[in-house]
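Look over the sequence and the structure first.

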Amino acid sequence: MATKIYQAEETARTWSDASTSSDELMDIGGLAANGVVCGSYHDLGAAPRADIYEVSFLVDGFDTAPVVGQMVELWFAESNATTGFDGQLTTDPTDTAEGVATEPQAYNCTFAGAVRVHSTTAADELLRRFTVRLTSRYIAPIVINLTDDALLSTSDAHMVTVKAIPQESQ
Amino acid sequence: MASKNYQASETSTVWTSAGGDKLMDMGGMIGTPIMGAYLDLGASPRADWYEVVVKIGGGTWDPDIQDTLEVRFSQSNSTTGFDGPPTTDPTSSVEGTMTIDQVRNCKLCRTLLTTSTTAADVWQCRFRVRLTSRYVSPVMRGSGATPANNTGTLHSITLTPIPRETQ
């Protein structure tokens, strides 16, 4: 009998700053031009698991008027242990603390996508969604601000959300 | 009843100069490609997707920032006739030999960037690749002005099957 394979959705995991309700820590509030932040890692577990994820990336505006067309990039560092993340980061993240990464180190990680500045209004949000294949047990997002302006630093709600979307035989 | 299809990782294979599973000595690597001994994935139904981790560096090498090292795979459905084709096909225990032009006919997977001029640093990247032939051999080449560290055990390629499994 023919069996369709559909996409199923599982519980999402969020990264944000300590003042925002989220599962993991990544504070990109006030991230300067060319600044880099590596979030704490999430343990996907040793058991069989999803390998395809929907990732949404929200940049909640800037401190100053940004330049249309400039980008903020999102990457993922992975590892099958709690150390030894891709890029050989300056400091590996932990499950509660951010790591330390440079821009060149991030380029050896997995590129998820980039949000593009669409207006010069500092308060305007940037939001984009990607589909990413993550195959290692431990994952940590890395944000690179390639714009000329710092990300919003006050009462910001910047957020990375990762949701497993495994295929399911019906 | 609906059943989710999850990734189930299998046993890894490591290519390096000594102490790994397969021979691939990237010590002193520069422009000339290094082609590892082949891995026989078997004739039975098998995984087609793999996670690959490439680790390069350390020691006395002083690279330029963002030198690139190409990571490719040569494949075959027999123990000869690999993509390229190589000057000399690899065996299960001996490296093959390839020219720069031959390597361009192999599957390009990713480039690894050197990210500092600090000699002791290590560079690591990860990617997913679909390998559909029975015999697979990784191929690496550097493009920088200085060769990789001469100690081959500092460099490795790790291949892990990641088939999906119906729960």
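## Size of the interface

This is a predicted model. Chain B and chain A bury about 2,500 Å² between them. Carbon and sulfur atoms carry 38% of that area. On the chain B side, B:Gln7, B:Gln124 and B:Arg128 lose the most area to chain A. Together they make up 25% of what that side buries.

The contact draws 29 residues from chain B and 31 residues from chain A.

## Polar links across the interface

There are 26 residue pairs in polar contact between chain B and chain A, both residues at pLDDT 80 or more. Salt bridges between chain B and chain A number 4. One of them joins the side chains of B:Lys4 and A:Glu10, at 3.0 Å from N to O.

## What chain B brings

Which strands of chain B each supply at least two residues of the side that touches chain A? They are E1 (3–7), E6 (49–57), E8 (107–113), E9 (122–130) and E12 (164–166). E9(B) gives the most, with 6 residues.

By residue class, the side of chain B that touches chain A splits into 11 nonpolar, 10 polar and 8 charged residues.

## Strand pairing between the chains

Strand pairing also crosses from one chain to the other. Strand E12 of chain A (residues 167–169) runs antiparallel to E1(B), and 3 bridges join them. Within this pairing, A:Glu168 stands opposite B:Lys4. B:Lys4 is also the residue that forms the salt bridge with A:Glu10.

## Strand pairing within chain B

Strand E2 of chain B (residues 13–16) pairs with strand E11 of chain B (residues 156–161). The sense is antiparallel, over 3 bridges. Here B:Trp15 has B:Ile157 as its bridge partner.

E2(B) also pairs with strand E3 of chain B (residues 22–23). This time the sense is parallel, over 2 bridges. B:Thr16 of chain B stands opposite B:Leu23 in E3(B).

## A threonine in chain A

A:Thr161 lies in strand E11 of chain A (residues 159–164). Is A:Thr161 buried or exposed? Its relative accessible area is 19%. The cut-off for buried is under 20%, so A:Thr161 counts as buried.

Which residues does A:Thr161 touch, leaving aside those up to four places away in sequence? They are A:Ala12, A:Arg13, A:Thr14, A:Glu54, A:Val55 and A:Ser56.

Note on methods:
Residues numbered from 1 in each chain as written. Chains lettered and ligands numbered in written order. Predicted model: local features only at pLDDT ≥ 70, side-chain atom pairs only at ≥ 80, totals over all residues. Heavy atoms only, no water. Contact = heavy atoms within 4.5 Å. Buried area = accessible area lost by both parts, 1.4 Å probe. Polar contact = N/O pair within 3.5 Å; in protein donor to acceptor, adjacent residues only side chain to side chain. Helix = DSSP H or I, 4+ residues; strand = E, 2+ residues; numbered from the N terminus. Nonpolar A, V, L, I, M, F, W, Y, C, P; charged D, E, K, R; others polar. Pairing = 2+ DSSP bridges. Buried < 20%, exposed > 50% of the residue type's maximum accessible area, 1.4 Å probe, protein only.
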